[in-house]
Amino acid sequence: WSSPLQRARSTAAAIGDVIGHAVVTDPRLSEMYLGKLEGVRFADLPQGPGTFRDRWQRNPGTVRFPKGENMREVASRTWTVLEELYDRHPKGHVLVVSHMFAISAALCRVLQVRVGRFRTFGLDLASLTTVQMDQDGFRLLMLNDTGHLTPEDLGPRGRLPVLPDRPAWMKRSRPAWMKRSRPAWMKRSRP
C-alpha cells in the first residue's frame, strides 16, 4: 500500500518488484496537505507573535495550514487506513509506504501521545518503521531504521540528501523548546 504521491509510489513499486506484489495506492496515505504553503520554505514565512509560523511552532498538533490540513486530520485519515488494513489482513503482513507527517501522526496514536508531540521522534527518508497490530493493541517494534541503506545511498554526510521538492521547513528545524539544555538524566554519559 502506498501514498499516490510519486516519491512514495516509486519506492513502493521498487519494493513490489522485489517481493512480487502490485502497488495499491490510497490518497489517505498522502503527506499532510499544506494548502497555500505548498512549496513555501519555512524560513520565508513571517516571524513573530501571532504569525502562522509562531502558532505552528507552539502547537503543531492543532494548527491548520492555510487552506490545508492540521496534524489531527492527518492522524485521523491515516489511522483509518491502518485499521482497514488490519481488518483485511488480521494475521498477515502489510507494507505501507507513506510520508513523514502521515507516519508520525500514526505513530503518535500507536504510542498514545498527543499528535502535537510528533517531533519527539525522528523519521529519515527511506527509513523503516515496524508496528505490530493485533487484537490486543499496537506495539512499536522498530523506529527509523536505515540499516538497509548503503554508504552510497547516504552520501558523504552519512545521511540521505534532502529531496529537491521537499520544502526547507521540513529539514529538521527544531522548535525553541527542543534547543534548551537537556536535563541531566537525558544526557549521554561519555566514557
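Predicted model: local features only at pLDDT ≥ 70, side-chain atom pairs only at ≥ 80, totals over all residues.
Me: Which residues of H1 are buried?

Reply: Burial is read from relative accessible area, with under 20% as the cut-off. In H1 the buried residues are Ala-8, Ala-12 and Gly-16. They cover an arc of only 70° around the axis, and therefore lie on the same side of H1.

Me: Which residues are exposed on the other side of H1?

Reply: Gln-6, Asp-17 and Val-18 are exposed there.

Me: What follows H1?

Reply: Gly-20 does, and its phi is positive, near 80°.

Me: Turning to charged pairs, how many salt bridges are there?

Reply: The test is a side-chain nitrogen of Lys or Arg within 4 Å of a carboxyl oxygen of Asp or Glu. By that rule the count is 6 salt bridges.

Me: Which residues are linked with Arg-28 in a network of salt bridges?

Reply: The network holds Asp-26, Arg-28 and Glu-84. Take its pairs in turn. Arg-28 meets Asp-26 through their side chains, with N to O at 2.7 Å. Glu-84 also forms a salt bridge with Arg-28, and there the closest N and O atoms are 2.7 Å apart. This second pair links distant parts of the chain, 56 residues apart. Glu-84 sits in helix H3 (residues 71-88), whereas Arg-28 sits in the loop between H1 and helix H2 (52-58).

Me: Is Asp-26 buried or exposed?

Reply: Apply the accessibility cut-off again: under 20% is buried, over 50% is exposed, and values in between are partly exposed. Asp-26 has 9% relative accessibility, so it counts as buried. Arg-28 has a relative accessible area of 25% and is therefore partly exposed. Glu-84, at 32% relative accessibility, counts as partly exposed.

Me: Which residue does Arg-64 meet in a salt bridge?

Reply: Its partner is Glu-73, and the N to O distance between the two side chains is 2.7 Å. For the setting of the pair, read each residue separately. Arg-64 has a relative accessible area of 40%, which means partly exposed. Glu-73 has a relative accessible area of 28%, so this residue is partly exposed.

Definitions and conventions
Residues numbered from 1 in each chain as written. Heavy atoms only, no water. Buried < 20%, exposed > 50% of the residue type's maximum accessible area, 1.4 Å probe, protein only. Helix = DSSP H or I, 4+ residues; strand = E, 2+ residues; numbered from the N terminus. Arc of directions from axis to C-beta.
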